[in-house]
Amino acid sequence: MLAAVAIIAATARPAAAITVGGGGGARTDCLAVFQAPVNTPASHPRSIVCADGDPTCDADGVVNGVCAIAIAVCANSTFSPMCTLAGVQSITIAHARDDGDPKFDPAMQALQQRVQSEIDPPTSTTGLCTSPTTLRVPIRGPFGNGMCKPRKAVVDMVTLSTVIDGAVYRDADRLRVRCEPAPDGCTAQALFSGTFDRIQRQIFDQSCAVSGCHDSQSRAGDLLLEPGAAYTNLVDAAPANLNANAAGWKRVHVLDATTGDPDTSLLLQKLLGPPAGFGARMPFNRRPLDRALIDVVELWIAAGAPQTGWVPGTD
Amino acid sequence: MAITRRQFLKRSGAVSAAALLGPSLFTNPFVRRALADTIGDRYLVVLFLDGGNDGLNTVVPVDDGGGSLRTAYEAARLTGTGGLRLTPSDLGTTLIGADPNTGSQLGLHPGCTGFKQLYDAGKLAVIQGCGYPDYSLSHDQSRAIWMAGDPSTPGGAAGWVGKHLAANYVGSEIPAVCISDRIAGELRQSTTSVLAVGRLRDLGFPYDDVSGDDLAAKRAAVAALYDTAGSGTQSTIRYIGESGTATLLASESYPALDDLYVTDRSAFNDAYDTVNRSTARDLREIAKMIYGVKQGAANVHARFFQLANGGYDTHSDQGAADPAGQHYGLHKEVGDSLKVFYDDLADMGVADKVCLVVWSEFSRRVPQNDSGTDHGSQGPMFVIGGAVTGGVYGNHPNIDPAALDDNGNTVYSQAAGGFRSTDFRDVYGTILKHWLNVPAPTILSSVLPVDGGDPDTQWTAPNFDMGFLT
């Protein structure tokens with residue numbers, strides 16, 4: 001197996017960055033452009049559809065449940081003869097501010113930082129590009145039927161020009177990315193190191209530790225569910241909800257090293273829909289989690305909520 | 001500049017008199033000058049690393065020494081894709097001193113080459129483990145606390161430098177400049193004038209732009225308005241008049257500093273361009289003002305400066321030792337910019353007159369996430385200057401997994417012994433006492449009030465003699 005991977009890596013074409021305008025009027029499309037391994041549609045590539053582990057687009061080249069897409073931004077591009085504008089006043093990546101925006105995306109923040117630091121608008125320098133930053137798009141799943149699904153991501157960018165011949169021009173760009181599961185790349189054992197790692201990365205990172213909720217900036221309910229913080233904040237920890245606390249519940253109620261009580265663990269009950277007075281169902285104002293994922297949490301709690309290793313039935 | 005006992009009495013008397021007689025006393029220029037002499041011929045620069053700099057990958061344990069810092073570091077910072085671990089080899093050319101507590105050899109992030117040069121020159125104090133009790137993980141809240149120098153009343157309060165300015169300057173003066181489009185929190189106050197400008201050459205008074213033919217008449221009218229207001233008896237109107245006059249004069253004086261500097265100091269002007277980053281360009285604006293003051297430029301008296309560099313909120317794609325990494329780039333930008341700035345000041349002959357303090361609102365979580373770090377607690381500060389006694393101050397935070405709090409962050413402690421934290425107010429207080437010549441009792445009563453409560457977990461025993469300034 002290892003030999004096979006090595007052969008693929010050695011013969012595959014590395015991710016190639018192609019300049020794409022990102023949309024908008026032809027005369028203004030060069031104000032800011034993306035450089036990314038776009039590959040679709042084949043006749044005129046402007047979006048990315050990437051299979052996890054495909055080295056032509058996934059920069060880590062490994063089947064790990066995440067497509068690592070290298071994206072750079074360039075200002076005042078000369079890629080199109082139809083656009084000769086040069087003068088960028090500002091480039092704004094959507095959802096890049098860690099200020100409670102529910103759609104805040106750290107990858108967009110990283111891209112914006114590159115823009116501010118390396119392009120440093122305003123500038124009229126032509127072909128000025130950032131270093132590539134890595135947009136990490138995880139696949140969705142595995143779900144109860146043993147299937148994984150693609151996940152889409154979108155990079156939106158709005159660029160305003162400096163005053164050029166008495167006018168300010170606007171260039172709105174969009175880059176679409178879709179990360180697809182690798183063939184035979186949808187087993188929990190392959191994607192995660194253990195049951196809690198799966199809960200952290202498949203549930204908390206994607207549905208809970210997001211801006212406005214249980215991330216550092218917001219810390220809703222005095223509960224932080226980011227990596228490195230979630231476990232100790234949950235296991236045998238008293239809930240902030242007064243009724244749950246008064247009833248003797250824990251966020252994750254562990255009885256001993258191999259036993260827990262799912263019925264008095266607020267984490268699980270919140271995912272299922274808690275009793276009256278115990279707060280709202282989570283994820284708040286979102287669709288409920290896939291039932292198979294909730295089952296993973298229940299099995300994990302019942303097995304004493306180990307921090308490492310696999311609980312039977314969760315892999 | 002040392003303060004004599006006579007000067008101390010004079011200053012104390014003035015402050016007391018001001019309390020009795022009200023603010024009008026400050027319009028007496030002789031009293032005002034005596035107060036303003038606290039900084040003398042010195043300058044203070046505050047550099048804010050906006051977003052929460054990852055302290056653990058800025059001042060890094062290279063070995064365990066007599067403890068286990070390196071072992072704990074390697075448990076938290078990983079290798080492989082997205083890994084943030086800096087190896088001893090990565091840190092080989094940026095070694096500094098040892099952690100005073102554990103004896104662990106320390107190294108700066110490999111991007112910190114400029115910082116390393118300043119350290120080797122003995123002009124960089126690395127102050128470890130700076131924070132405050134009951135830390136906030138919110139950018140907004142923690143930033144406000146650091147800017148105010150007061151965890152108890154951060155919102156809307158005056159900044160720690162601002163409180164000093166308010167006690168020593170009046171509306172007709174501009175003692176401070178922010179390289180920004182807004183007044184930074186550190187300088188916020190309501191007594192004197194602070195200039196906020198991105199580039200000096202762009203500063204101008206906001207006359208209407210209907211016609212430039214009658215600028216002289218407009219200027220005369222505005223000046224007369226401010227003059228009338230400034231001589232009034234109602235304090236708010238008088239402040240508007242005084243600060244308006246100061247702004248008008250600044251708008252006519254500061255832009256010329258650009259030409260003066262570019263002409264006289266072209267080699268250094270080019271050196272900042274070589275770094276080619278916003279921090280270098282921002283520091284160059286400060287160098288222009290310091291040079292202007294030194295050359296006696298009219299109506300230029302600024303001695304306090306603030307600038308910021310953003311991008312430290314590295315939740316994603318932080319990077320380790322790769323020069324293309326985000327964190328590497330940030331450290332390279334700031335370190336190289338500071339080195340050029342220091343060399344510029346040294347060439348001007350004022351390096352020992354400038355003290356620059358670097359801070360960030362928090363560090364990052366000890367365990368990393370997939371490719372970055374989330375919000376944390378205590379982190380390092382830097383103090384740079386010709387008069388600074390370089391070295392490592394304060395203890396590295398205890399990053400042992402068993403010592404972290406429920407959020408995975410290091411714990412603030414003032415308990416005597418190994419891992420005692422550095423309260424950031426001790427750093428501020430040392431600067432106020434030893435650079436601005438503010439007596440410790442005045443610092444405590446006017447700028448940095450102590451916490452109450454448990455002396456092991458709260459800041460109840462200030463230390464304004466940390467040693468990096470004497």
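Beyond its neighbours within four places in sequence, B:Leu338 is in contact with residues including B:Leu47, B:Phe115, B:Leu283 and B:Ile384, contact being heavy atoms within 4.5 Å.

The model is a prediction in which local features need pLDDT of at least 70 and side-chain atom pairs count only at pLDDT 80 or more, while totals for chains, interfaces and linings use all residues. Residues are numbered from 1 along each chain as its sequence is written, chains are lettered from A and ligands numbered from 1 in the order in which they are written, and side-chain values use heavy atoms, with hydrogens and water left out.

At the interface, 31 residues of chain B are in contact with 27 residues of chain A. The two chains bury about 2300 Å² between them, 41% of it on carbon and sulfur atoms; this is the accessible area (1.4 Å probe) lost on being put together, summed over both parts. In chain B, B:Asp317, B:Asp370 and B:Asp406 lose the most area to chain A. B:Asp317 also forms a salt bridge with A:Arg114, with the closest N and O atoms 3.9 Å apart; the rule requires a side-chain nitrogen of Lys or Arg within 4 Å of a carboxyl oxygen of Asp or Glu. Across this interface 4 salt bridges are found.
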